[in-house]
Amino acid sequence: FSHLCGGTPSSLVSQNAFLDASGTTSYLCRRVSKINHSCSPRASVLECADGMIRVVTTRPLLAGEELSICYSEAALFQPLAQRQATLQRKWGFTCGCDRCTGKLSTEEAGLWGLLERAADSSDRSKPRPVE
């Protein structure tokens, strides 16, 4: 049992659980845990006021299109190398989604690039502790 609940990156529970907004409670959802990762996700996992976990699409899905979520909110707006490092470290895989392999449409790639630059600019403008 310890290999399932060890809290290490290799733990099945830690790899498949979702934290609540406070970061103190983990939810393990049998069906949601089976949704694959993408750095350009088609859905998001939400904790609702009623305590339920819901999967909400970010836009209408096309017939046959895979439902996907981003496993790491922190990595979502990072450049490719940082996203790959985060996913490898925490989940043990190299992402091969359309965003990581350069297969997004020009419009979608441009939007993600804009979001990455905005996140980077925001990170750089945060107040730093005085040493």
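The legends below describe close-up views of one predicted protein model.

The model is predicted, so local features are given only at pLDDT of at least 70 and side-chain atom pairs only at pLDDT 80 or more, while totals for chains, interfaces and linings use all residues. Residues are numbered from 1 along each chain as its sequence is written, and side-chain values use heavy atoms, with hydrogens and water left out.

View 1. Helices (H or I, at least four residues) and strands (E, at least two) are DSSP runs, numbered from the N terminus. Along the sequence their order is α-α-β-β-β-β-β-β-α-α-α. Of the 131 residues in the chain, 27% are buried. Here buried means under 20% relative accessible area, exposed means over 50%, and partly exposed lies in between (1.4 Å probe, protein chains only). Contact means heavy atoms within 4.5 Å. Among contacts between residues at least 6 apart in sequence, 44% join residues at least 24 apart.

**View 2. The largest nonpolar core, made up of 7 residues.** A nonpolar core is a set of buried Ala, Val, Leu, Ile, Met, Phe, Trp, Tyr and Cys residues joined through side-chain atoms within 4.5 Å. The members are Phe18, Cys29, Val32, Ile35, Ala43, Ile53 and Ile69. Apart from this core lies another, of 6 residues, among them Cys39, Trp91, Cys97 and Cys100. In soluble globular proteins, nonpolar side chains tend to be buried together.

**View 3. Ile69 in strand β6, residues 68–69.** Ile69 counts as buried because its relative accessibility is 2%. Leaving out residues up to four places away in sequence, Ile69 touches Phe18, Ile35, Asn36, His37, Ser38, Pro41, Ala43, Ser44 and Val45. Ser40 lies 29 residues from Ile69 along the chain, and their C-alpha atoms are separated by 7.9 Å.

**View 4. Val32 in the loop between β2 and β3.** With a relative accessibility of 10%, Val32 counts as buried. The C-alpha atoms of Val32 and Ser68 are separated by 9.9 Å, and the two residues are 36 apart along the chain.

**View 5. The largest pocket, with about 840 Å³ of space.** On a 1 Å grid over the protein atoms alone, where a 1.4 Å probe is used, a pocket is an open set of points with protein on both sides within 12 Å along at least five of seven lines, and lining residues have an atom within 4 Å of a point. Grid points are joined across faces, edges and corners, and the volume is the space filled by probe spheres set on the points. The lining of the largest pocket has 35 residues, of which Ala17, Phe18, Leu19, Tyr71 and Glu73 are the closest to its centre. Two or more lining residues come from each of α2, β1 (17–19), β2 (26–28), β4 (43–47), α3 and α4. The largest share, 5 residues, comes from β4.

**View 6. Helix α4, residues 80–91.** The expected span of a helix is 1.5 Å times one less than its number of residues. For the 12 residues of α4 this gives 16 Å, and the end C-alpha atoms are 16 Å apart, which agrees. Arg83, Gln84, Thr86, Leu87 and Trp91 are buried in α4. Seen down the axis, these buried residues fall within an arc of 165°, so they line one face of α4; the arc is that of the directions from the helix axis to the C-beta atoms. Ala81 and Arg89 are exposed on the other side of α4. The buried residues of α4 pack against α2 (12–16), β3 (36–37), α3 (73–76) and α5 (106–125). Just after α4, Gly92 takes a positive phi of about 75°.

**View 7. Helix α5 and its buried side.** The 20 residues of α5 reach 29 Å from first C-alpha to last, close to the 28 Å expected at 1.5 Å a residue. Trp112, Gly113 and Glu116 are buried in α5. These residues cover an arc of only 105° around the axis, which puts them on the same side of α5. The face turned away from the buried side carries the exposed residues Glu107, Arg117 and Ser125. The buried residues of α5 pack against α3 and α4.

**View 8. Gln78 in the loop between α3 and α4.** Gln78 is buried, with a relative accessible area of 19%. Apart from neighbours within four places in sequence, Gln78 is in contact with Arg83, Thr86, Arg99 and Glu116.
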